[in-house]
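Hi there,

Here is the structure I promised to pass on to you. Have a look at it first, and then read on for what turned up.

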Amino acid sequence: MKFNLTNEIDVIRFRTKVEYHINKKTRNVELTEKRTLKQNNYLHLLLAWFAIESGNTMEYVKLNYYKKLANPDLFITEKNDKYLGRVQVIRSSSDLSTSEMTASIDRFRNWSSMEAGIYLPAANEDNILSYIQEEIEKYKMWI
């Protein structure tokens with residue numbers, strides 16, 4: 001179930017659900033915080049801009065630069081496969097918490113600037129982000 005805790009009705013629903021599980025003494029309850037759509041859109045804007053600037057596809061940038069180079073500790077794990085043995089697994093960015101997502105974006109921005117010489121604007125740089133959005137529309141079919 002999803003609850004918007006800025007909405008008073010959802011707060012009541014959430015508290016009721018928590019109390020229910022406490023009273024029932026439920027053994028396994030998981031609470032997760034989902035990223036905002038704004039944060040997800042911001043990441044995709046940065047990935048697309050880096051793709052344009054570097055001449056790569058957005059998927060290539062996301063996998064190789066954002067996940068493997070800038071954030072390996074967040075995305076790269078290993079598991080045992082029945083047939084292949086020990087294999088490397090790349091975690092989905094949709095599995096990140098809000099704080100992990102923030103950290104991963106900050107790392108990517110820093111990596112991009114220091115290693116690739118590509119400036120990726122902060123989330124509050126609205127003028128630059130608007131310009132980038134316009135540029136992405138022009139190059140959409142290539143990224």
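Predicted model: local features only at pLDDT ≥ 70, side-chain atom pairs only at ≥ 80, totals over all residues.

Is Ser104 buried or exposed? Its relative accessible area is 0%, so Ser104 is buried. Leaving aside residues up to four places away in sequence, Ser104 touches Tyr66, Asn71, Leu74, Phe75 and Leu96.

Now for the aromatic rings. How many aromatic pairs does the structure hold? There are 10 of them. In one of these, Tyr65 and Trp111 are stacked, with 5.5 Å from centre to centre and 25 degrees between the planes. This pair links distant parts of the chain, since Tyr65 sits in helix α3 (residues 58-69) and Trp111 in helix α5, 46 residues apart. Tyr65 has a relative accessibility of 18% and therefore counts as buried, because the cut-off for buried is under 20%. Trp111 is buried as well, at 16%.

Trp111 also has a ring partner within its own helix. The ring centres of Phe108 and Trp111 are 6.2 Å apart and their planes meet at 10 degrees, so this pair is stacked. Why are the two separated by about one helical turn? Because Phe108 and Trp111 are three residues apart in helix α5. Phe108 is buried, with a relative accessible area of 0%. Which residues do ring pairs link into a cluster? They are Phe50, Tyr60, Tyr65, Tyr66, Phe75, Phe108 and Trp111.

Finally, step back to the whole protein. It has six helices and two strands, and from the N terminus on the elements run α-α-α-α-β-β-α-α. The radius of gyration is 19 Å, well over the 15 Å that the globule rule gives for 143 residues, so the protein is more spread out than a compact globule. Its C-alpha trace spans about 55 × 45 × 30 Å along the principal axes.

Buried residues make up 31% of the 143 residues. Of the contacts with a separation of 6 or more, 53% come from residues 24 or more positions apart. The accessible surface is about 10,200 Å², and 52% of it belongs to carbon and sulfur atoms. As for charge, there are 21 positive and 19 negative side chains, and the centres of the two sets lie 10 Å apart.

Enjoy exploring it!

Best wishes

Notes: Residues numbered from 1 in each chain as written. Heavy atoms only, no water. Buried < 20%, exposed > 50% of the residue type's maximum accessible area, 1.4 Å probe, protein only. Contact = heavy atoms within 4.5 Å. Phe/Tyr/Trp six-rings, centres within 6.5 Å; stacked < 30°, edge-to-face > 60°. Helix = DSSP H or I, 4+ residues; strand = E, 2+ residues; numbered from the N terminus. Rg over C-alpha atoms; globule rule 2.2 N^0.38 Å. Areas by Shrake-Rupley, 256 points an atom, 1.4 Å probe, with all protein chains shown as cover. Lys, Arg positive; Asp, Glu negative; His and termini not counted. Charge placed at Lys NZ, Arg CZ, Asp CG, Glu CD.
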